[in-house]
Amino acid sequence: PCSDDVADIADDLIRRFHRHLMDAGVSIKYLWHVNPDGVTLKHKGWPAAAVVRIRNLKDRVAGLLDAEIVIDKAWWDSHDKNACRALLDHEIFPCG
C-alpha cells in the first residue's frame, strides 16, 4: 500500500473535485509499484507513472474495493507535490 500522504492527497482531491465519488461511497486502494529490477509500470504497452483499474461487479460483490490505483514510486519520489496531485487527479477521474 502507498503511504498515508497519498491517501490524504487523494481524499482532498475527491472532496474538492469528485464529490460524486464520496456520495456514491466509491472505495479506492492506492498501491506503489516499486521497480528495483528496472521493470517500468505500463499502460497499454507504454511507460506510465500510474494506472487505474476499475473492478468488475463480481469483484465488488466479493468484497474487493471498487478501484485500485498503482503509482510508480520512483516517479512519485522524483516529482513535486503539484505534479503528484495532478497525477492522482488524472487517475481518480475514471473512477466516476
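Predicted model: local features only at pLDDT ≥ 70, side-chain atom pairs only at ≥ 80, totals over all residues.

User: Fine. Which residues of strand 5 are buried on each side?

Analyst: On one side A67, I69 and I71 are buried, and on the other E68, V70 and D72. Both faces are covered. Six of the six residues are buried, so strand 5 is largely enclosed by the rest of the structure.

User: What order do the strands of the sheet take?

Analyst: The order is 1-5-4, in an open sheet of three strands with mixed pairing. Strand 1 (28-33) and strand 4 (50-54) are the edges; each has a single partner strand, so one side of each lacks a neighbour in the sheet. On average, neighbouring strands are turned by 20 degrees against each other, direction ignored.

User: In what sense do strand 1 and strand 5 pair?

Analyst: Parallel, over six bridges. I28 has A67 as its bridge partner, and W32 has I71.

User: And strand 4 with strand 5, parallel or antiparallel?

Analyst: Antiparallel, over five bridges. There, V52 is partnered with I69.

User: Switching to helices. Where does helix 1 lie?

Analyst: Helix 1 (residues 4-17) lies across strand 1 and strand 5, at about 140 degrees to strand 1.

User: Which of its residues are buried?

Analyst: In helix 1, V6, I9, A10, D12, L13 and I14. Their cover includes strand 1 and strand 5, plus helix 2 (19-24), helix 4 (73-77) and helix 5 (81-92).

Methods
Residues numbered from 1 in each chain as written. Heavy atoms only, no water. Pairing = 2+ DSSP bridges. Helix = DSSP H or I, 4+ residues; strand = E, 2+ residues; numbered from the N terminus. Axes fitted to C-alpha atoms, helices over the stretch in contact; angles between N-to-C directions. Contact = heavy atoms within 4.5 Å. Buried < 20%, exposed > 50% of the residue type's maximum accessible area, 1.4 Å probe, protein only.
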